[in-house]
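Could you walk me through this model in my viewer, stop by stop? I would like to know what to select next and what is there.

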Amino acid sequence: MDFVGTGIDLWRRCLGEDSLLQPLWDSLRSNYRDYLRSPLFPVILTVSSYFVLCIPFLICDIMGERWSRVQQFKIQPCRRPTAAMLLHCAGVTMYNHVFLVLPASVAQWVWRPPLDLPEAAPSLFDLLGGVLANLLLFDFQYFIWHFLHHRVRWLYVTFHAIHHNYSSPFALATQCLGGWELLTVGFWTTLNPVILRCHLLTTWTFMVFHVYVSIEDHCGYDFPWSTSRLIPFGIYGGPNKHDVHHQKPNTNFAPHFSHWDKIFGTHGDFSFSPPLK
């Protein structure tokens, strides 16, 4: 009976009667309150998450064929990023963050007052549902944005073409973007949790997870633990589908899920291309 009672209690907490996340939230509020309340915190969180989460995939790229067990999961095994490619993407990313993200962050810090931290944590159910809702909303927004920037030549040449310098993507190419694209992605990522009225813990979880799946989409590897393999029925696109987009730019416009591309007839499957000369 104690085992059954414990299971019922955990289920109730997950549904929101009492939050399993409350101890974590209380610890964060008591120990890091001033940092969490700063408008700069979400920016620092996402930027630091990006560079940290890129490291494992970057190591895989640098090690190359010396890690044969890893390279068996390479989607395009004949195409590996060179040192020049990695340095170019790192340079573009740093430029955008220093001259665009940093000034925008400072302006936000000056303009916005510190946030109030609610006393109650979200339920686990609310947190997971909020992350999913944010991903779905962003997926819809970026599908439209992405589709237009491929269909309108001026938009493509002016803003989006830099991201398609490489037909075989890799982790550091994730944010090898024009400044306009980086700002719009950041705008939606920041605004959507406000629209959906998410708890701050849900918002931050979404931001970090969104950074991870974006890197994973571009990593160039289809590991057994890839998100697309964990979600059944081909609902989620993942690195295979995004590789197709970089080879066939008129396919797979949605950043994560596959339903919009299937609805509008832009869904594409993976096929290997001949190696670069």
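Here is a short tour of the cysteines and the aromatic rings in this predicted model.

**Cysteines.** The structure holds 0 disulfides. Cys54 is in none, and its nearest cysteine sulfur, that of Cys89, is 9.8 Å away. With 2% relative accessibility, Cys54 counts as buried. Now move to Cys176: its closest cysteine sulfur is in Cys89, at 3.8 Å, which is too far for a bond because a disulfide needs the two sulfur atoms within 2.5 Å. Cys176 is buried too, with a relative accessible area of 1%.

**Helix H5.** A search of the whole structure finds 22 aromatic pairs. For one of them, select Tyr95 and Phe99: the ring centres are 4.8 Å apart and the planes meet at 40°, so this pair is tilted. Both residues belong to helix H5 (residues 83–111), 4 residues apart, or about one turn of the helix. Phe99 is exposed, at 52% relative accessible area.

**Helix H6.** Next, pick Phe143 and Phe147. Their ring centres lie 6.2 Å apart with the planes at 25°, so the pair is stacked. These two are 4 residues apart in helix H6 (residues 124–151), about one helical turn. Is Phe143 buried or exposed? Phe143 is buried, with a relative accessible area of 6%, while Phe147 counts as partly exposed at 27%.

**Last stop.** Finish at Tyr221, where Lys74 lies over the face of the ring, 5.4 Å from the ring centre.

Note on methods
Residues numbered from 1 in each chain as written. Predicted model: local features only at pLDDT ≥ 70, side-chain atom pairs only at ≥ 80, totals over all residues. Heavy atoms only, no water. Buried < 20%, exposed > 50% of the residue type's maximum accessible area, 1.4 Å probe, protein only. Phe/Tyr/Trp six-rings, centres within 6.5 Å; stacked < 30°, edge-to-face > 60°. Lys NZ or Arg CZ within 6 Å of the ring centre and 35° of its normal.
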